[in-house]
Amino acid sequence: MGIKLLLGTLAFGYIAVFLLTPLLAVFVEAFRNGADAYFAAITEKDAQSAIWLTLTVAAIAVPLNTVFGLAAAWAITKFEFRGKGFLITLIDLPFSVSPVISGLVYVLLFGAQGYMGPFLDALGIKVIFTVTGLVLATVFVTFPFVARELIPLMQEQGVSEEEAALTLGATGWQAFWYVTLPNVRWGLLYGVLLCNARAMGEFGAVSVVSGHIRGLTNTMPLHVEILYNEYNFAAAFAVASLLALLALVTLVLKSLLEWQFGDSIASSRRH
Amino acid sequence: MAHVVRTAWRFRQPSVIPGFGITFGFAVAYLSLVILIPLAALLLRPWELGLVGVWEVVTAPRVLAALKLSFGAALAASLINAVFGLLVAWVLVRYRFPGKRILDAFVDLPFALPTAVAGIALSALYAPNGWFGQYLAEIGVKVAYTPLGVVVALTFIGLPFVVRSVQPVLSEMEKELEEVAATLGASRGQTFWRVIMPAILPAWLTGAALAFARAVGEYGSVIFIAGNLPMVSEIAPLLIVIKLEQFDYAGAAAVGSAMLVISFVMLLAINSLQAWARKR
């Protein structure tokens, strides 16, 4: 009993110090100057445009990576071909790349002194320091989320149901829409949820390509940084508290999915 | 099959399921455009400095100090998480207590919380006038704006990896094994080291390696608490940002490539760890 209590206390203490207090600090600091200051900070013009931009970027990047995830999972799990393992490793690659590097690669391609910079300049197209750059960097960091959720799940489900549907006269598209998709819907939702959380919260990658232009290329995490560096702490924490809320909502939905549909989510215990 | 059919080399097995061409084609094209070509640009760019130039960039004292800090602090953080992550996984799997599910779900917070938010929250806690910082200052411990602050931030973001790697292996382990060991006269310590530890070792190492790999490249949660003093508390990813701001693209790419190569070697190591774990 003694050792049990000791280990339990240590584990709780560790989680309390390293997880609970930072989360608590966000909300306490956000309301340090009262509720009026809090609401002023999150309804102020630059904050509003940062919120809007974060939603826009996620609304473009998440569907792109969802379509990719579905296509990649279909090709990888419904067919046998050479080099499959290598392809899966490549899909996972962005997870092991520093967020800063994820932004850097696009600057090297599209920046003023990038490989395609002069060419794009001649065409009048700007990528770096624009929303396009933010979307690209976000796509890079959230690239594997949907695919790596769907691949093990669809692998497990095999091809027999699709083959049955095809034998019964379904087209390939019908087999996908009426057989595959319903089978993977919870796993897909799970992947999209995690992808979205990362897309909205990404900092390092977008920070490199954004240029931090207030009202134009400033997402919520970048806005938090600007306010913080201006010593406007309460406002920084107010905007941060919205992102912390997003994280909490994500955790709740994620746990609900795991509890309700744990069997149909492949990586609920894997990251 | 009595006779042997010699088949030509084929890229893929025949299948009645349609859609390989379009899904494979799209997936590979998208992967190439978004990930592979940009990464190739990163690996190509430094060489305009020449071999000697790249070497000079990567071995400059400030760069070496940053790389040393990034890898050293990541190692320290993953060691802390290896110990406490195992402990948390153990408590979550073996003990029954109210609120267990909530605590379990909460472990994933560092995955869900944006890194910049974590960064400013940790600064609020550990700054010299912060929640913890003021008491730590009294006993002479400085966390924020020192390498210790970097370790704290990296411990936060790496926390879930070990827990989530070890947890499934622990919960699948048959308790009978431990009971058998106990009946055969093993002490608790012996049971732990001789029965439990060998079973969870691959998953444990994998989790620690994943936490390490993530920590090495981490940026958002670190820069607020680190203070970013050159040669002291400046991490490698920040150095890339600084070089970019000075329009030193090749230098930034050189540091980035060095980090990428080291990360890639680690990814290979993690994959072989996981393959080893599957075989056992």
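1. Let's start with the crossing of H5(A) and H12(B), which is left-handed; a crossing counts as left-handed if the near helix is turned anticlockwise from the far one by less than a right angle, and as right-handed if clockwise. Axes here are lines fitted to C-alpha atoms, for helices over the stretch in contact, and angles run from 0 to 180 degrees between N-to-C directions. Helices (H or I, at least four residues) and strands (E, at least two) are DSSP runs, numbered from the N terminus.

2. A word on the model before going on: it is predicted, local features need pLDDT of at least 70, side-chain atom pairs count only at pLDDT 80 or more, and totals for chains, interfaces and linings use all residues. Residues are numbered from 1 along each chain as its sequence is written, while chains are lettered from A and ligands numbered from 1 in the order in which they are written.

3. Which residues meet where H5(A) packs on H12(B)? From H5(A) come Val100(A), Leu104(A) and Val107(A), and from H12(B) come Pro237(B), Ile240(B), Val241(B) and Leu244(B). Two residues are in contact if their C-beta atoms, placed from the backbone, lie within 7 Å. By class, this contact has 7 nonpolar residues, no polar and no charged. Ala, Val, Leu, Ile, Met, Phe, Trp, Tyr, Cys and Pro count as nonpolar, Asp, Glu, Lys and Arg as charged, and the others, Gly among them, as polar.

4. Another pair worth a look is H1(A) with helix H3 (residues 61–94) of chain B, packed at an angle of about 115° with axes 9 Å apart. The crossing of H1(A) and H3(B) is left-handed. On the H1(A) side, the contact is made by Leu7(A), Gly8(A), Leu10(A), Ala11(A), Tyr14(A) and Ile15(A), and on the H3(B) side by Phe84(B), Leu87(B), Val88(B), Trp90(B) and Val91(B). These residues divide into 10 nonpolar, 1 polar and no charged.

5. Now the whole interface: 73 residues of chain A are in contact with 72 residues of chain B. Helix H1 (residues 2–30) of chain A gives the largest share of the chain A side, with 15 residues. That side holds 51 nonpolar, 12 polar and 10 charged residues.

6. Chain B has 13 helices and 0 strands. Its radius of gyration is 24 Å, well over the 19 Å that the globule rule gives for 280 residues, so chain B is more spread out than a compact globule. The radius is taken over C-alpha atoms, and the rule is 2.2 Å times the number of residues to the power 0.38. Along the principal axes, the C-alpha atoms of chain B fill a box of roughly 70 × 60 × 35 Å. Of the contacts in chain B with a separation of 6 or more, 77% join residues 24 or more positions apart.

7. Chain A also comes to 13 helices and 0 strands. The C-alpha atoms of chain A fill a box of roughly 75 × 65 × 30 Å along the principal axes. Buried residues make up 48% of its 271 residues, where buried means that 20 or more other C-beta atoms lie within 10 Å of the residue's own, exposed means 12 or fewer, and partly exposed is in between, with C-beta atoms placed from the backbone. For chain B, the buried share is 45% of 280 residues.

8. Is Thr138(A) buried or exposed? Thr138(A) is buried, with 29 other C-beta atoms within 10 Å, and it lies in helix H7 (residues 131–142) of chain A. Leaving out residues up to four places away in sequence, Thr138(A) touches Val57(A), Ala61(A), Ala199(A), Glu202(A), Ala205(A) and Val206(A). Thr138(A) and Gly169(A) are 31 residues apart in sequence and 40 Å apart in space, C-alpha to C-alpha.

9. Finally, two backbone angles to check. Most residues other than glycine have a negative phi. Phe129(A) has a positive phi of about 70°; it lies in the loop between helix H6 (117–123) and H7 of chain A and is partly exposed, with 19 other C-beta atoms within 10 Å. Tyr231(A) has a positive phi of about 60°. Tyr231(A) sits in the loop between helix H12 (220–229) and helix H13 (233–261) of chain A, and is exposed, with 8 other C-beta atoms within 10 Å.
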